[in-house]
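Subject: Handover of a structure and a summary of its features

Dear colleague,

Please find below the structure that I am handing over to you.

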Amino acid sequence: MEQTLTQMINDLKKLITDNPDLIELPQHGEKICNYATSNSYEYLVDFTRNGHKVKKFTLQLRDGVNKSQVLIRLDVIGPEHLNPHGNYDCSDKIILTPHIHFADFPDYGVKVAFNLDDPYVKMGLIEDDLDNTKKIVQEFLKKINVANRLSLNIFDPEETSLNV
């Protein structure tokens, strides 16, 4: 049975990490990829810190079979995003970072970015949370429906600041 993008995003997942009790976040210039599984499918959950002139911190959920298929991408630090022209509310608008992309957004998929406070996003982050890497990761894992997120400790080697 083929799942839709929305079903994949909402699928109940278990995050598999090298240490069963720990999520390790990358240092600048690194990417850490973890597997996630459901009863019927496999996923990849990426944590990336990169960028030279413009620093970036990105969390994303990808299809575990079609690995190039991004399902959700949360850009926490990085450049602004210009949404493509189209027939939707934030068409042609510049969206500041942090912002989020959804593969199941009708007709445009991950080409469209949303501010985190947009009603379409339905994510529990407020502006005060954006300095707290662990809170951001927990809310992202909640958004992508990771069942074991509360049993995982988060280690951030750059915990003192999000200004990677």
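May I begin with a question: is Tyr 88 buried or exposed? Tyr 88 has a relative accessible area of 13%, and residues under 20% are classed as buried, so Tyr 88 is buried. Please bear in mind throughout that this is a predicted model.

**The sheet**

The structure contains an open sheet of seven strands, paired in the antiparallel sense and arranged in the order E1-E3-E4-E5-E6-E9-E10. Its edges are formed by strand E1 (14–16) and E10, each of which pairs on one side only. On average, neighbouring strands of this sheet are turned by 20° against each other, direction ignored.

Lys 14 has Thr 37 in E3 as its bridge partner.

Seven of the eight residues of E6 are buried, so that the strand is mostly covered. E6 pairs with strand E5 (residues 56–63) in the antiparallel sense over six bridges, and Leu 59 has Leu 74 in E6 as its bridge partner. E5 and E6 make a hairpin, with six residues between them. E6 also pairs with strand E9 (residues 99–102), again in the antiparallel sense, over four bridges. Here Ile 72 stands opposite Phe 102 in E9.

**Aromatic residues**

How many aromatic pairs does a search of the whole structure find? The search finds nine. One of them is the pair of Tyr 88 and Tyr 108: the ring centres are 4.8 Å apart and the planes meet at 50°, so this pair is tilted. The pair links distant parts of the chain, 20 residues apart. Tyr 88 lies in the loop between strand E7 (81–82) and strand E8 (94–95), while Tyr 108 lies in the loop between E9 and strand E10 (113–115). Tyr 108 has a relative accessibility of 23% and therefore counts as partly exposed.

Phe 105 and Phe 114 form an edge-to-face pair, with 5.0 Å from centre to centre and 70° between the planes. Phe 105 counts as buried because its relative accessibility is 11%. Phe 114 is also buried, with a relative accessible area of 4%. These residues belong to one aromatic cluster, made up of Tyr 88, Phe 102, Phe 105, Tyr 108, Phe 114 and Tyr 120.

Lys 13 is placed over the face of Tyr 43, at 5.0 Å from the ring centre. Arg 49 is placed over the face of Phe 57, at 4.5 Å from the ring centre.

**Salt bridges**

The count of salt bridges comes to six. In one of these, Asp 46 is joined to Arg 62, with the closest N and O atoms 2.5 Å apart. Asp 46 counts as buried because its relative accessibility is 0%, and Arg 62 is buried with a relative accessible area of 13%.

Arg 49, already mentioned for its position over Phe 57, also forms a salt bridge with Asp 156 (2.9 Å, N to O). This pair links distant parts of the chain, 107 residues apart: Asp 156 is in the segment after strand E11 (153–155), and Arg 49 is in strand E4. Both Asp 156 and Arg 49 are buried.

A further salt bridge joins the side chains of Asp 75 and Arg 73 (3.2 Å, N to O). Asp 75 is buried at a relative accessible area of 11%, whereas Arg 73, at 21%, counts as partly exposed. Finally, salt bridges that share partners unite Lys 31, Asp 46 and Arg 62 in one network.

**Cysteines**

A search of the whole structure finds zero disulfides. Cys 33 is partly exposed, with a relative accessible area of 36%, whereas Cys 90 counts as buried at 9% relative accessibility.

A colleague

Technical notes. Residues numbered from 1 in each chain as written. Predicted model: local features only at pLDDT ≥ 70, side-chain atom pairs only at ≥ 80, totals over all residues. Heavy atoms only, no water. Buried < 20%, exposed > 50% of the residue type's maximum accessible area, 1.4 Å probe, protein only. Helix = DSSP H or I, 4+ residues; strand = E, 2+ residues; numbered from the N terminus. Pairing = 2+ DSSP bridges. Phe/Tyr/Trp six-rings, centres within 6.5 Å; stacked < 30°, edge-to-face > 60°. Lys NZ or Arg CZ within 6 Å of the ring centre and 35° of its normal. Disulfide = S-S within 2.5 Å. Axes fitted to C-alpha atoms, helices over the stretch in contact; angles between N-to-C directions. Salt bridge = Lys/Arg side-chain N within 4 Å of Asp/Glu carboxyl O.
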